[in-house]
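Hi there,

Here is the structure I promised to pass on to you.

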Protein chains: 2
Amino acid sequence: MTRETKTIILDAAEALFAEQGFAATSLRAITSRAGVNLASVNYHFGSKEALVDLVFRRRIIPMNRERISRLEGLESHTGGSEPSLEALIAAFIAPPLEMARDTGSGGAVFVRLLGRSYTEPSETMQTAMRAMYEPVIDRFKQAFARALPGVPPEELYWRMHFMVGVLAYMMAGTDMMRLIASSRVSDPPEIGDLVRRMTDFVAAGMRSGQGYTLSGSDGGIVEA
Amino acid sequence: MTRETKTIILDAAEALFAEQGFAATSLRAITSRAGVNLASVNYHFGSKEALVDLVFRRRIIPMNRERISRLEGLESHTGGSEPSLEALIAAFIAPPLEMARDTGSGGAVFVRLLGRSYTEPSETMQTAMRAMYEPVIDRFKQAFARALPGVPPEELYWRMHFMVGVLAYMMAGTDMMRLIASSRVSDPPEIGDLVRRMTDFVAAGMRSGQGYTLSGSDGGIVEA
DNA sequence: AGTTGATCTAAACGAACGTTTGAACTACTT
DNA sequence: AAGTAGTTCAAACGTTCGTTTAGATCAACT
């Protein structure tokens, strides 16, 4: 069956890309893991590059649709009042993290791959990511601006950057600190817990300096 | 001269790794850019893998020494009182970000590379990073625990994760949002500004739920 | 001047890469 | 039963990879 082979290849490629990266993963490794012929990739996808593109497109598009959907749900169900900052953040970060939970359909593997790809420098990857993320970032930026009227646009821009950084790192799941930590804590992070921890952290960061915190950051610390 | 050739190769490799990643960068590309013979890499370093290792070791070790040095400076100069949370965060994030400013000696290029490598999945990279980061993480963990007595160890563990995530993403400098942003803001981020913005964001996040914020999340971490 | 040890050079090694080819196989139509 | 369009297959294409080799070049010391 046509459909099956393509899917099998996509799944195998996804897993290997997440484990080793794009350049380090050969078509032979992919087809071998998928149990299909080497030529299948070029037959069904045209090239390795096109395969990479489809691996991402297949998951990112529904994931971002889910984000937008949750955001619109928040905006319509609150009546006149604005959705809370925490709700906005959760709408943005929960879809990928919940995807990480579903180990069955390969979502978990993809999330790791996506997390790594946020910092992928290749031109192809950058433009592809940009195209897929543009509408999401735009919508959320407006929502955050309404939820944080006291934060100037430039500052908000940076804080959204910071949020993306936190999310990308957790998605990549490198767990640098876990590898190191002398005091090992709860090993399999519960997704609901993680979303809540992250939401609280990011929300506090986004509100900082608005009179909500006691943060006494004097510029003096910076220069040394 | 022995010293020079090794250094020239290290610089060229560093730049290309940052631009394209490890696997996508060939020894021929490195030696060509460095203007040396192809065999030089194997002669001076033994293998490509050993070259990669040295590229990191050369910069990370002094960088982490600087972090520890700033931390010790804080701890000794405050007399009896503990250093502020903001000061601790700045001691951790400023060295790499300031390194990103020095475009002359290649520091800027290395910071991008290092940021990307936080999420590098290869076994070699992971264990190398672990060995270099272990002492730093341990020391800062203790300092943060003293500065945030109300945050339970497990929660603190996650919040340090979040801090590393923010830092790694900014170091990688992918600027996903900048590529997208319809409203372009200040283009070359001033390092001092960035350190302050990031410190404020992370500090607020680290303190969240301690009664310092109005964060309305229902999480059970409420501290008197 | 000549020997020695370190460094550089050009050339080649086998292995692995992405891609292409033409024939075999499969399922379905007429 | 023959034909056809879609798919799979083994094999090979030319290229590039990391690494190795043997000889040239150089600086320093007896």
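This is a predicted model: local features need pLDDT of at least 70, side-chain atom pairs count only at pLDDT 80 or more; totals for chains, interfaces and linings use all residues.

Residues are numbered from 1 along each chain as its sequence is written, while chains are lettered from A and ligands numbered from 1 in the order in which they are written.

**Chain A as a whole**

Chain A has 10 helices and 0 strands. Helices (H or I, at least four residues) and strands (E, at least two) are DSSP runs, numbered from the N terminus. Read from that end, the elements of chain A run α-α-α-α-α-α-α-α-α-α.

Of its 224 residues, 41% count as buried. For burial, the count is of other C-beta atoms within 10 Å of a residue's own, with C-beta atoms placed from the backbone: 20 or more is buried, 12 or fewer is exposed, and in between is partly exposed. Two residues are in contact if their C-beta atoms, placed from the backbone, lie within 7 Å. Among contacts in chain A between residues at least 6 apart in sequence, 68% join residues at least 24 apart.

**How helices pack in chain A**

Helix α6 (residues 107-117) and helix α8 (residues 153-172) of chain A pack at about 135°, with their axes 7 Å apart. Axes are lines fitted to C-alpha atoms, for helices over the stretch in contact, and angles run from 0 to 180 degrees between N-to-C directions. α6(A) and α8(A) are therefore oblique to each other; angles under 35 degrees count as roughly parallel, over 145 as roughly antiparallel, 65 to 115 as roughly perpendicular and the rest as oblique. The crossing of α6(A) past α8(A) is left-handed, a word used if the near helix is turned anticlockwise from the far one by less than a right angle, with right-handed used if clockwise.

On the α6(A) side, Val111(A), Arg112(A), Leu114(A), Gly115(A) and Arg116(A) meet Ala168(A), Tyr169(A), Met171(A) and Ala172(A) of α8(A). By class, this contact of α6(A) with α8(A) holds 6 nonpolar, 1 polar and 2 charged residues. Here Ala, Val, Leu, Ile, Met, Phe, Trp, Tyr, Cys and Pro count as nonpolar, Asp, Glu, Lys and Arg as charged, and the others, Gly among them, as polar.

α8(A) also packs with α10(A), at an angle of about 160° and with axes 10 Å apart. That makes α8(A) roughly antiparallel to α10(A), and their crossing is right-handed. The residues that meet are Arg159(A), Phe162(A), Met163(A), Val166(A) and Met170(A) in α8(A), and Met198(A), Val202(A), Gly205(A) and Met206(A) in α10(A). This contact of α8(A) with α10(A) has 7 nonpolar, 1 polar and 1 charged residues.

**Where the chains meet**

The axes of helix α10 (residues 191-207) of chain A and helix α8 (residues 153-172) of chain B come within 11 Å and cross at roughly 60°. α10(A) and α8(B) are therefore oblique to each other, and the crossing is right-handed. Arg197(A), Met198(A) and Phe201(A) make the contact from α10(A), with Glu155(B), Trp158(B), Arg159(B) and Phe162(B) from α8(B).

A nonpolar core is a set of buried Ala, Val, Leu, Ile, Met, Phe, Trp, Tyr and Cys residues joined through C-beta atoms within 7 Å. Which residues of the largest one touch the most other members? Of its 113 residues, they are Val166(A) and Val166(B). Leaving aside neighbours within four places in sequence, Val166(B) is in contact with Phe162(A), Gly165(A), Val166(A), Met198(B) and Val202(B).

**A few spots to look at**

Helix α6 (residues 107-117) of chain B is largely enclosed by the rest of the structure, because 8 of its 11 residues are buried. Among them are Phe110(B), Val111(B) and Leu113(B).

Ile93(B) lies in helix α5 (residues 85-99) of chain B and counts as buried, with 22 C-beta neighbours inside 10 Å. Not counting residues up to four places away in sequence, Ile93(B) touches Leu167(B), Val195(B), Met198(B) and Thr199(B).

Arg28(A), in helix α2 (residues 27-34) of chain A, is exposed, with 10 other C-beta atoms within 10 Å.

Best wishes, and enjoy exploring!
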